[in-house]
Amino acid sequence: HQMDRVSLTDFEPDYDLARRLPEHVARRLQVLPVGEDGDVLLLAVARPLPPEEFGEVEGSLGQPVRELLAHRSDLDQLLQRVHSSHYVDVATQSLRETHPEQSAHEVLVPRQKVALAVVAVGLVLCGAIWPVGTVIGLVGLCTAVYVLVAVYRLRLALRSLGVRLETDATHEEVAALDERHLPVYTILVPLYREADVVARLVRDLDAFDYPRTRLDVKLLCEEDDLETIDTVRALALPPHYHLVVVPDSQPKTKPKACNYGLQLATGAFCVIYDAEDRPDPDQLKKALVAFGSAPDEVVCLQAKLNHYNQHQNVLTSWFAGEYALHFELILPAMGAADAPIPLGGTSNHFRTRTLRELGGWDPFNVTEDADLGIRLHREGYRTAILDSTTLEEANSDLGNWIRQRSRWSKGHIQTWLVHMRTPW
């Protein structure tokens with residue numbers, strides 16, 4: 001190809017020059033302007049561009065271009081640095097700007113505040129006039145709601161007994177997949193202060209039965225988490241792994257990091273895993289088979305979750321029992337009934353294009369998974385349960401368990417308030 005090489009290690013770009021090429025073109029083609037030689041613009045590329053892509057770049061820049069071959073990982077990191085402010089804005093503000101009524105940035109809108117104030121004043125007045133009756137009424141209302149929920153869950157559990165309601169993929173269907181034609185699959189893994197589990201995470205991801213050339217693994221690290229960043233770099237991972245450094249900005253949440261990584265995803269499908277997850281090795285292939293056989297409106301598959309440390313203590317045993325009921329019985333029945341499914345925090349498989357159109361996750365909601373499941377349903381899409389299991393670590397410490405459950409409860413209240421703005 002008669003191309004010179006260029007080293008981008010410790011390279012400090014001219015940001016105005018680098019941003020002359022539109023971000024979506026630079027990201028899609030993996031190219032970046034890095035200098036000028038007279039009237040010719042020097043373009044760092046990960047691979048020689050075919051004629052039609054070369055012409056697209058010259059047309060976008062409006063001047064002649066000369067290609068310089070750069071190391072793919074270095075170019076990837078430089079692209080992130082150059083366009084980091086754009087990625088942060090999209091990750092933080094996209095849902096808020098495109099669907100403000102579905103964003104938890106403002107938990108209570110004015111009409112909700114008025115309604116809550118009226119209810120509060122009414123309760124105070126009733127309590128002052130009929131104290132005993134008011135308490136009896138509140139307890140009766142709470143009991144009625146609790147009984148209705150319990151009956152609903154019992155109906156769902158009974159419906160699932162002895163019946164397969166999950167979206168299944170047989171071993172024969174998985175084995176029949178031609179690996180030469182599998183789509184690229186993006187794996188998003190948010191990491192924060194988890195340097196000690198990175199090596200084990202890589203080992204578990206390497207266990208996937210999926211061609212390495214068709215994987216796009218994004219390890220999402222926060223900018224201030226230098227220990228985890230240095231650990232990832234020290235491993236010298238193969239090229240299908242990509243270190244994504246999320247700039248330090250507010251809100252510093254898992255969904256914001258996922259939105260940041262979603263913009264860089266190259267896969268037609270994507271999945272999110274936590275650092276300690278141990279998914280079934282054939283889960284990606286099973287998801288492809290399930291997507292292929294499911295109706296077009298199914299854009300999300302929720303794999304089952306359970307725990308590998310269920311026998312550690314009483315708390316983890318209860319945790320595992322609860323998850324078994326939820327993912328083996330409750331959610332499959334909800335999916336079969338076309339009910340909105342609150343997603344789990346991990347092992348959600350998506351059609352990437354649809355996820356982007358929905359605005360990704362809500363960075364202001366602390367249970368962004370449950371919220372996304374409701375938003376999918378509101379837009380006319382469906383979630384199905386995938387018959388594949390991901391094992392994760394159950395919380396074994398009572399204090400941590402209480403904090404975790406408090407965060408979940410807070411997020412579920414956020415989600416309910418957001419989506420009850422327009423309940424019809």
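## Close-up views of a predicted model

**View 1. Asn 259 sits in helix α11, which spans residues 254-264.** Helices here are DSSP runs of H or I with at least four residues, strands are E runs of at least two, and both are numbered from the N terminus. This is a predicted model, so local features need pLDDT of at least 70 and side-chain atom pairs count only at pLDDT 80 or more, while totals for chains, interfaces and linings use all residues. Residues are numbered from 1 along each chain as its sequence is written, and side-chain values use heavy atoms, with hydrogens and water left out. Is Asn 259 buried or exposed? Asn 259 counts as buried because its relative accessibility is 5%; buried means under 20% relative accessible area, exposed means over 50%, and partly exposed lies in between (1.4 Å probe, protein chains only). Setting aside residues up to four places away in sequence, Asn 259 touches Ala 91, Gly 359, Gly 360, Trp 361 and Pro 363, where contact means heavy atoms within 4.5 Å.

**View 2. Cysteines without a disulfide partner.** A search of the whole structure turns up zero disulfides, a disulfide being a pair of cysteine sulfur atoms within 2.5 Å. For Cys 258, the nearest cysteine sulfur belongs to Cys 270 and is 9.3 Å away. For Cys 270, the nearest is that of Cys 300, 9.2 Å away. Cys 258 counts as buried, because its relative accessibility is 1%. Cys 270 is buried too, with a relative accessible area of 1%.

**View 3. Arg 19 lies in the loop between α1 (15-18) and α2 (23-29).** With a relative accessibility of 41%, Arg 19 counts as partly exposed. Which residues does Arg 19 contact, leaving aside its neighbours within four places in sequence? They are Val 82, His 83 and Ser 85. Leu 68 is 49 residues from Arg 19 in sequence, and the two are 17 Å apart in space, C-alpha to C-alpha.

**View 4. Helix α6 (residues 110-129) packs with helix α7 (residues 131-160).** Their axes are 5 Å apart, at an angle of about 130 degrees. That angle makes α6 oblique to α7. Axes are lines fitted to C-alpha atoms, for helices over the stretch in contact, and angles run from 0 to 180 degrees between N-to-C directions. Angles under 35 degrees count as roughly parallel, over 145 as roughly antiparallel, 65 to 115 as roughly perpendicular, and the rest as oblique. From α6, the contact draws on Leu 123, Cys 126, Gly 127, Ala 128 and Ile 129; from α7, on Pro 131, Thr 134 and Leu 138. Six of these residues are nonpolar, two are polar and none is charged. Here Ala, Val, Leu, Ile, Met, Phe, Trp, Tyr, Cys and Pro count as nonpolar, Asp, Glu, Lys and Arg as charged, and the others, Gly among them, as polar.

**View 5. Helix α13 (residues 314-336) meets helix α16 (residues 398-419).** The two axes come within 11 Å and cross at roughly 30 degrees, which makes α13 roughly parallel to α16. Leu 315, Phe 319, Glu 322 and Tyr 323 of α13 face Leu 398, Trp 401, Gln 404, Arg 405 and Trp 408 of α16 in this contact. The contact residues divide into six nonpolar, one polar and two charged.

**View 6. Stepping back to the chain.** The chain holds 16 helices and 12 strands. Of its 424 residues, 47% count as buried. Its C-alpha atoms fill a box of roughly 85 × 50 × 40 Å along the principal axes.
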